[in-house]
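Hello,

Here is the structure I promised to pass on. Please have a look when you get a moment; my notes come after it.

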Amino acid sequence: MVGKTDHGEAWVVDSGGTEHITCNQRLLKNVTKNTFEPPVIIPNGDFINVNGRGDLKLQNNINIDKVLHIPSFSCNLLIVS
């Protein structure tokens with residue numbers, strides 16, 4: 001299933017978002033801290049801070065670049081069009 005990482009972590013697949021997000025930094029490689037990243041607005045209108053970005057490897061060697069790392073986010077979010 002494309003919605004899982006090699007580590008078995010589940011992802012919520014969303015067609016309405018703009019950024020891939022994970023709350024789990026250990027899923028990411030090549031993580032960069034980004035102090036210039038603007039906060040993300042969640043559906044209830046609150047803002048949450050971004051700690052950085054990194055690359056993610058899903059099953060079947062699918063790579064997703066520049067995934068946001070947001071520790072306070074409550075799930076992993078994979079955006080599809």
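Below is what I found, beginning with the ground rules.

This is a predicted model, so local features need pLDDT of at least 70 and side-chain atom pairs pLDDT 80 or more, while totals for chains, interfaces and linings use all residues. Residues are numbered from 1 along each chain as its sequence is written, and side-chain values use heavy atoms, without hydrogens and water.

L77 is worth a look. Leaving out residues up to four places away in sequence, L77 touches W11, V12, D14, E19, H20 and I21 (contact means heavy atoms within 4.5 Å).

Then there is E37, which sits in the loop between β3 (28–33) and β4 (strands are DSSP runs of E, at least two residues, numbered from the N terminus). E37 counts as buried because its relative accessibility is 19%. Beyond its neighbours within four places in sequence, E37 is in contact with V50, R53 and L68. The side chains of E37 and R53 are joined by a polar contact of 3.1 Å (N or O atoms within 3.5 Å, one able to donate a hydrogen and the other to accept it; residues adjacent in sequence count only if both atoms are side-chain atoms).

Best wishes

How values were computed: Helices (H or I, at least four residues) and strands (E, at least two) are DSSP runs, numbered from the N terminus. Buried means under 20% relative accessible area, exposed over 50%, partly exposed in between (1.4 Å probe, protein chains only).
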